[in-house]
Amino acid sequence: MTLLTGWGRMEPTRSTVLSGDDERLADAVRGAGPRGVLARGSGRSYGDAAGNSGGVVLDMTARHRILSFDRAAGLIRVEAGLTLDALLRAVVPAGWCPPVLPGTAHVTVGGAIAADVHGKNHADAGSFGDHVTSVDLLTADGTAHTLTHRDALLRATMGGMGLTGVVLRADLRLRPLDTAWVTLVHRRVDGLRGLLDGLSAVAPGWHAVARLDPSAGRGVLSLSAPARLREVPTVHRAEPLRYLAPRPLPCPPLPLAGLARPRLVGAANRLLGLGRRTVREVRPLPVAMFPLDRITGWNRVYGRSGLLQYQFVVPASAEAELAEALRMVAGAPVGVPLLVLKRLGRAGPGLLSFPMDGWTLAADFPAHPALAPLLARLDALVAAAGGRVYLAKDAGTDPRHLPAMYPGLTEFRRLRGHWDPAGVFRSDLARRLSL
Amino acid sequence: MMDGLRRPQSMVLLGGTSELGLAIARRYLAMGPLRVVLAGRPSRLLEEAAADLAAAGAQVEIVPFDAAEPATHEAALGACFAGGDVDLAVVAFGLLPDQDTALRDPALAVRTASVNYTGAVSAGVLLAREMTVQGHGVIVVLSSVAGERPRPANFLYGSAKAGLTAFTRGLAGHLGGTGVRVLLVRAGFVHTRMTAGLSVPPLATTPDAVAEAVVDAVWRGSGDVWVPRAARPVALLLRLLPHAVLRRLP
């Protein structure tokens, strides 16, 4: 009996946590009670996606072996509980990298598949599922199936939030890497128009993200790309592929955690105060790609009540709606410490994949009931614009909007009904949103 | 499920015509979609309460429930949970008869005790059991400042509420680690049908004020709340009063 919550620290729920080998997990699935079973990775989804109140939660993090690694072809087979951090430490020195990296390296491969995560290079590289060549999935009947892109069940599993089964293992395709360094170019841009243009005109291979200052109507556009050997600092040039992860700083314990908030938010928004218009820097890959990983447990800075991240995507043509959403967010009753805008490229491979060709905005709020009217208006705006909210972040969407936001939901439900007629795989997210 | 703003999606109101309970339901309804189960004795008042909530956009069900008949509670609570998880349950029923009448009528005195205490114990135990199975939920128990140090004029009602307060605190401790939380609400004099016609003491409050305090306490995750806040120091003072002085209070 364990109390579990999500990264946003919403109300914890109680479940029975189990872990073990394939046989043990299959037993748990076959012996599932009425509250069902759910696999959980690092618990980095913000809301209740990795919770299963009253049921069984399979902790996958102990299953973190690399099963095979083809250094010539860049193909790797891993257990689902392996974190991207551990994966990077193994493959980067060999000159390889997963093509898609989300904002934190602490997610597991299984979680990255279940949420079909994206990075800052989505237009170029697609989402995580695009580079998964096969998945071993434990389904509701307690048997394991090896799925490839030809299987409809894999399309339901990618972005399926763990509701089709337990991802046991996955085969991933990696991208070659010359150095473990990243060249970053930050540019201060005034006005939304300039930011949208900047995010649209990104050269192939580059990552792009904009951090916004909603009150000042400006932002900083950050472009990044793998550094070339001659850009790597001289002292590191002999070993350019060494993975230089900084030692994370601990966040103070809860009563004092709030003291670290200005520092955290300041670090994340460091560039908003950019004096010069353009700054160029070369940083180790983990420093450049995962700035928030530098403080462990940074979610604590929002205090006991936690944080709520609202991330949505609207189609590329819906710029007016995006601007309207930004105005709404800027007027939030609680203030928005972090606001991040990205361009997504094309629909993801899964039936419930979040990405679509459009603009995605992520706003971190300190959770508070006063946000209710704002969230309701944002939900309505996003749904009407043909967009959707990100289920991996969700902690407050009105379930009535889900079918409009996720047209693939009907087919997803049909496949789930076929493979899991008794509803063995359940989650608090699925209960809340009637997935 | 409660969401990130700790808004329930479903709530059960035991004492379906309770003005305090209905005020809580309306407040949550203003924050998002809500399914409400009104559990109470069948009456026109109950039908009207259901109709009002439905008109305000809630999905409403009625379940017959009589606080004074604990033997029927298991079936009634089962019906309350039949429609799916219950995120928030409010134990809101209560009985406040005229004390002098009750002291002349032992049956009424016993009924006061059984509705306010025994009935609430039965409902509380069943709610705790159901919610422990679902692994989450909040039980809100509406007790009273009258239970802190029952005064001569209302010791009958006060003694039952004193028992309810003690039971609720014990239940809250017992449910630690289960994912189920208990919120003990100690309200002072609230302007409702139940108190209509009584002389109004200082620190009187309204159902809306109680509902606001409850919603806020559920959000903060606190285990007890006093409405109004000043009731707490007043209750402390009452507890410290020598018996000789208390006897002279109304």
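How many salt bridges does the structure hold over all chains? I found 34 salt bridges over all chains, a salt bridge being a side-chain nitrogen of Lys or Arg within 4 Å of a carboxyl oxygen of Asp or Glu.

The model is predicted, and I kept its conditions in view: local features need pLDDT of at least 70, side-chain atom pairs count only at pLDDT 80 or more, and totals for chains, interfaces and linings use all residues. Side-chain values use heavy atoms, without hydrogens and water, residues are numbered from 1 along each chain as its sequence is written, and chains are lettered from A and ligands numbered from 1 in the order in which they are written.

**Entry: a salt bridge in chain A.** I looked up Arg77(A), which forms a salt bridge with Asp171(A), the closest N and O atoms being 2.8 Å apart. The pair links distant parts of the chain, with Arg77(A) in strand 6 (residues 75-79) and Asp171(A) in strand 10 (residues 166-173) of chain A, 94 residues apart. Helices (H or I, at least four residues) and strands (E, at least two) are DSSP runs, numbered from the N terminus.

**Entry: the interface.** I next took the two chains together: 23 residues of chain B are in contact (heavy atoms within 4.5 Å) with 27 residues of chain A. Chain B and chain A bury about 2000 Å² between them, 57% of it on carbon and sulfur atoms; buried area is the accessible area (1.4 Å probe) that two parts lose on being put together, summed over both. Met1(B), Leu5(B) and Trp219(B) supply 28% of the area that chain B buries against chain A, more than any other three residues.

I counted three salt bridges between chain B and chain A. The side chains of Arg6(B) and Glu11(A) meet in a salt bridge, at 3.0 Å from N to O. On the side of chain B that touches chain A, helix 5 (106-134) and helix 7 (207-220) of chain B are the elements that give two or more residues. Helix 5 of chain B gives the most, with three residues.

**Entry: strands of chain B.** I noted that strand 2 (residues 35-40) and strand 3 (residues 59-64) of chain B run parallel and are joined by six bridges; two strands pair if DSSP finds at least two bridges between them. Leu38(B) stands opposite Ile62(B) in strand 3 of chain B.

**Entry: backbone geometry.** I recorded a cis peptide bond between Val227(B) and Pro228(B), with omega about -10°. Pro228(B) lies in the loop between strand 7 (224-227) and helix 8 (231-240) of chain B.
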